Amino acid sequence: MKSKSLILVLLAVLFAACSHEEPNAWNEMETTGEPESVKLATYSLDDLREIERNLMASGVDFPFVTEQIVTRSGDSEADYLSVDVFKVSVKSPNPSYPGYPDEYVSISGVLLVPKYLLIPPTVKLVVTPPPTIIVNSACPSVLFQDPDLVNADDFAALYNFWVSQAFAGYAVLIPDYPGFGDSSQKAYMPYVVRDAMVKATYDLTKAAKLVLSANGYPYRSDISVCGYSQGAFAAFAFVHAMETDPAYDETVDVLVTGGTPANLKYLIDAARNADSLPLPYLYMYVMCGYKANGYDEIVLADLLQEPYASEAFTLLDGVTYPDPDQYLPDTPAELFTENFRLNLDIDPNLAYVNTILAENSIPNWVNKCNIAMLHGTSDVTVYYQNAKIFADQQEEVGGDVTFIPVAGGDHMTTAMAYILAIPGYLFLN
């Protein structure tokens, strides 16, 4: 192979990840525990070609990575490129302790790493918490053991998109949430529990950097963060903490989110007054997530009708019920108690609910990183106005947000617009 061609191969994948910054040293990192990693799979360039065909069929249409690589280098050199999938694990405080017995648990996620023929260049780490997970079989570290599992998942297009971005030169961390992966049945998913999401994401980010170092990959000190739906909540909470809490030290250059549940009180109020609930399990999941993760004052029978209050943790046990909505009514009057629907803001016995929602909503702040938010105007799952109000308030406090309405988009279809927007933001930051 000619050296000139080999250099072209490297240049082809560096366009979005190059940096003049010095790589970080392993001993500069601090995590709760020493991370572990195991390689789950490897994607070849042929796998990428198949992924991109599937993305095109799903409506994801942008200049693909294989075209850029092959155009610059030719097929024979490009065939040396691949992406390794590592499972990354690290000990972290258990957000569900003492309800679950272990004070610390192993949390996990997957790290997609571009693999080159020569010593790799400096890579950029992208941290992207996934959308809502309710069963362990759908968490990233399980799915990525087999590409067929990834392709069968509801969010296959999103996960395969991130594989394509790893081929473009990024290292991509997709966390499992606590309660899944290594911590399955050892914690309960802290669904929209802000501090717990921040800590777990931070610990996994530090662990991912250690794994990159251990495998010979220098990396940029700053990171990019992306997320959709529940992933957008986790991403926003994480970035807010990185920029406002001196206990955290990650520097973020860009945050891109879609379908963001920012104002939790708005979302609950909209659901209480809606004609129907597209995904009724989400509200039960919110209540269980708080109850299991430090908010002992939650009384499910105050909020949910029977038998749903008594069966909530059985329906959402993290393992056995892939579709709890088939067991739940889709009207607020049937799912929620009458007192919760009508008197949340006036019954002093329910005041604790509003306090919890306020504590866990995303605060506004004067952001340092670039922020882009996409949201469907017809989203009645994570209502459009909840995100628009947050973006407006962010501007009012002196922050800066690029808010992109997706005309007519609902919660699922807007995901494609979010995917299409990401490469440009990553490339420019």
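Modeller: The largest cavity is lined by Ile268, Val286, Met287, Tyr290, Ile298, Leu303, Phe340, Val353, Ile356 and Leu357. Helix H11 (281-292) and helix H16 (351-360) are the elements that give two or more residues to that lining; helices here are DSSP runs of H or I with at least four residues, numbered from the N terminus. Keep in mind that this is a predicted model, where local features need pLDDT of at least 70, side-chain atom pairs count only at pLDDT 80 or more, and totals for chains, interfaces and linings use all residues. Residues are numbered from 1 along each chain as its sequence is written, and side-chain values use heavy atoms, with hydrogens and water left out.

Colleague: What makes the lining residues nonpolar, polar or charged by class?

Modeller: Ala, Val, Leu, Ile, Met, Phe, Trp, Tyr, Cys and Pro count as nonpolar, Asp, Glu, Lys and Arg as charged, and the others, Gly among them, as polar. So the lining comes out as ten nonpolar, no polar and no charged residues.

Colleague: And why is H8 called roughly perpendicular to H9?

Modeller: The axes of H8 (residues 194-214) and H9 (residues 230-244) cross at roughly 80° and come within 9 Å. Axes are lines fitted to C-alpha atoms over the stretch in contact, with angles from 0 to 180 degrees between N-to-C directions. Angles of 65 to 115 degrees count as roughly perpendicular (under 35 is roughly parallel, over 145 roughly antiparallel, the rest oblique), so H8 is roughly perpendicular to H9.

Colleague: Which residues of H8 make the contact?

Modeller: Arg194, Met197, Val198, Thr201, Tyr202 and Thr205, contact meaning heavy atoms within 4.5 Å.

Key: On a 1 Å grid over the protein atoms alone, a cavity is a set of points where a 1.4 Å probe fits but cannot get out, and a pocket is an open set with protein on both sides within 12 Å along at least five of seven lines; lining residues have an atom within 4 Å of a point.
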